[in-house]
Amino acid sequence: MNLLFKLHQWFSFLGNYASFGIAYLIETIVVLLFVTISFIILIYVFRKYMARIQLRIGPNRVGKFGLLQLMADALKLLGKESILPKGRDNMAYRIAPIITMMSIMVSFIIIPYGGLYYFGNLTTTNSDITLILMFGILSIMPIGEVLGGISTRSNYAILGALRGIAKDVSFEVPMLISVLAIVMVSSRSFVTGGSTYNSLSLAGIVTNEVIPYGIIEPLGLIVFFISMVARASYSPFDLSESDSELISGATTEYGGMRFGLFYIGLFGMVYLGSFLVSLLYLGGYNGPVSSQLGFIYLLVKTIILVLIAFLIWVSLPRMRIDRFVQFGWKYLLPLAVINLIYAGVFVLYIR
Amino acid sequence: MPHYTELNIGPVHPSIHGIFNFKLILNEEIIQDVKVTLGFLHRNAEKLSELNLYADNIIFFDRMNYIDAMNMELGYLMSVEKLTGIEPPERAQWIRMIMVELNRLAARLVGMGSLGLDLGMLTPFFHTFKEREKIQRIFTEASGGRQEVNYFSVGGVYQDLTEQMINDIKNFLPQFKKNLEDMYNMFIHSEIFWQRNRGIGIIEPEMALDYGVTGPALRASGIPYDVRKDAPYLFYDRVNFDIPISHEKDNFGRFMVKVEEMRQSIRIIEQCLDKITDGPFFNPQGKKSLMLRIKGNGEAFSRVESDAGEFAVYVNGNNTTKPNRVHARSPGLRNLSLLPVISKGLMIADFIAVVGGLDPVVGEVDR
């Protein structure tokens with residue numbers, strides 16, 4: 001039983017449409033609350049984890065074990081004077097961090113979270129095209145960064161935005177091709193053990209994913225994981241930030257909570273990217289033993305991926321932009337195409 | 001007509017080690033020209049040295065290459081000792097040698113860590129600085145200072161190395177050897193590190209000689225010139241060590257030379273600890289009560305191999321308690337003067353890596 005329909009039934013005295021609307025609203029808020037809380041824990045874990053690797057202690061002053069450090073940081077950012085650079089494009093400057101933030105939040109509503117005992121399926125959006133919607137939103141995200149970069153007319157920010165665009169162009173094509181291979185594989189009943197749900201929705205893909213697609217097409221998993229690292233733009237692909245070269249890249253002229261929103265966007269993208277990899281390639285909420293705990297399966301897979309991402313983050317130097325563009329077009333794209341051809345052969349000839 | 005952008009790197013910038021200003025003339029990301037502005041940290045050290053007593057001037061030299069303070073002191077004191085004829089006793093020489101090599105290790109660690117930082121890898125920085133902190137603890141035991149140590153004095157050292165300090169150093173070395181390899185692997189096992197460093201900032205040997213480049217930058221161009229070997233001072237002729245060279249000529253070669261020199265430094269320290277003799281640790285002529293009356297006549301010139309290269313000091317005295325003229329040859333300035341030449345046609349990211357590889361310390365460049 002879907003959580004959405006449960007809520008729908010509870011509010012049925014309001015009439016069909018109003019109750020459905022309220023149910024949808026409540027579930028969205030619940031999902032966003034879950035995301036926010038897990039996000040705070042994630043940043044805390046990141047800071048402790050990074051500190052351990054770097055022989056430091058990490059946050060331990062604010063609250064028990066420094067758990068409230070992020071709250072303190074957020075309050076500090078909110079309390080900062082909002083400094084607006086001269087000669088900015090006002091509208092673009094103000095809207096850029098909001099675009100980044102909003103696209104991340106909306107993406108989290110689309111994710112199929114799987115079932116959890118009494119609550120039933122936690123998925124909020126039951127659309128037939130969530131896969132397309134998801135990647136549409138993901139391609140809106142860099143617009144915030146680019147707008148933020150070029151609206152301030154700072155040379156650092158413009159160079160950062162240029163790097164960001166070059167980076168996005170070079171990895172998005174292989175990313176989408178590797179997703180296409182997923183759609184092809186998941187539409188065949190012999191892979192999925194009979195069930196062929198709509199393979200253009202994330203929920204449908206995961207329901208079909210009896211064998212994790214990472215096992216069927218490991219090449220696609222590699223390409224997609226690298227693309228997600230690049231999408232989140234952390235080291236080694238933090239080209240639009242390039243903190244040792246371009247001060248802070250595209251976000252150089254931002255301060256206070258506006259900068260904080262970009263930062264949330266970055267961490268949120270690490271989290272979202274891990275969700276997507278575990279959904280598309282590692283079986284999502286399907287576990288080794290079929291049970292009501294799909295959500296926990298998904299969460300465990302995601303957290304392991306997030307920790308791997310953090311390990312990559314702290315241990316690798318930054319790639320040079322021209323090297324990355326070469327990497328994208330000369331290695332990732334051919335790999336993605338090989339993966340696509342392989343998926344086609346697999347679907348057509350292997351029974 | 002191409003459109004050029006001007007980009008200021010510095011004086012305040014995350015990856016500038018100190019305060020320079022580089023004005024990059026960019027064609028998109030490609031550097032067309034670099035204009036270097038120096039002097040933000042000019043403290044008039046040479047002129048100030050003329051106004052102060054011989055023994056007092058050590059602090060100005062401490063603050064030249066502040067991460068390699070022992071070598072700076074040594075360079076000055078060797079000149080003063082030549083000028084005044086106050087020779088340090090044998091034990092003092094050994095102590096100086098140990099300290100100088102320890103400080104070379106510390107300075108190289110800073111260079112290594114900040115190169116990683118410039119390339120966008122944060123982790124090795126903390127590892128190198130932890131090791132450096134251990135060295136600085138030894139310095140604190142010996143002199144009371146972590147970085148600006150002020151340890152050497154005219155005709156000796158400020159304080160004898162006790163048995164415990166020698167044990168500290170002996171305990172430090174084996175674990176440092178292991179940690180050094182770990183840190184080295186942290187860099188070298190990353191493909192991106194190779195990509196970022198190979199083939200950028202190429203210094204041809206002839207060019208290096210023309211510009212007076214010394215130190216690891218020269219040795220990475222394939223010229224085995226090291227003051228410790230070519231004009232031995234202290235007891236460098238009594239210990240075995242090799243001068244590593246590289247024929248890569250690029251940033252990667254410089255990094256490898258620096259790491260190999262750290263291994264050689266460990267070798268030198270180990271030999272010093274074996275060969276150190278008992279005896280006085282300062283010359284009675286340079287004891288504290290006589291320090292204010294040290295007079296020098298004539299001129300003296302001495303050179304040492306510091307972290308960045310050949311550091312030389314010229315002292316001219318006219319039989320008073322203050323020097324008449326003090327001049328320091330800054331290796332960092334020579335290395336930096338090559339930067340506009342070698343960075344043409346590089347990308348911004350490479351430029352930052354080249355600056356990190358040359359590792360100039362502004363205190364010494366500007367003096």
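Mentor: Residues are numbered from 1 along each chain as its sequence is written, and chains are lettered from A in the order in which they are written. As the model is predicted, local features need pLDDT of at least 70 and side-chain atom pairs count only at pLDDT 80 or more, while totals for chains, interfaces and linings use all residues.

Trainee: What makes chain B agree with a compact globule?

Mentor: The radius of gyration is taken over C-alpha atoms, and the globule rule is 2.2 Å times the number of residues to the power 0.38. For 367 residues the rule gives a value near 21 Å, and chain B has 20 Å, so the two agree. The C-alpha trace of chain B spans about 70 × 45 × 35 Å along its principal axes.

Trainee: What share of chain B is called buried, and on what test?

Mentor: A residue is buried if 20 or more other C-beta atoms, placed from the backbone, lie within 10 Å of its own; with 12 or fewer it is exposed, and in between partly exposed. In chain B, 52% of the 367 residues are buried.

Trainee: How many helices and strands does chain B have, and how are they defined?

Mentor: They are DSSP runs numbered from the N terminus: H or I of at least four residues for helices, E of at least two for strands. Chain B comes to 15 helices and eight strands.

Trainee: How do you know that chain B is in contact with chain A?

Mentor: Two residues are in contact if their C-beta atoms, placed from the backbone, lie within 7 Å. By that test, 27 residues of chain B are in contact with 22 residues of chain A. Elements giving two or more residues to the chain B side include strand S1 (5–9) and helix H4 (90–118) of chain B.

Trainee: What are the classes of the residues on that side of chain B?

Mentor: Ala, Val, Leu, Ile, Met, Phe, Trp, Tyr, Cys and Pro count as nonpolar, Asp, Glu, Lys and Arg as charged, and the others, Gly among them, as polar. The side of chain B that touches chain A has 13 nonpolar, nine polar and five charged residues.

Trainee: Which domains does chain A have?

Mentor: Chain A is divided into domain 1 (1–79) and domain 2 (89–349), with bounds from an automatic or database domain assignment. In chain A, 21 residues of domain 1 are in contact with 17 residues of domain 2. On the domain 1 side, H2(A) gives the largest share, 12 residues.
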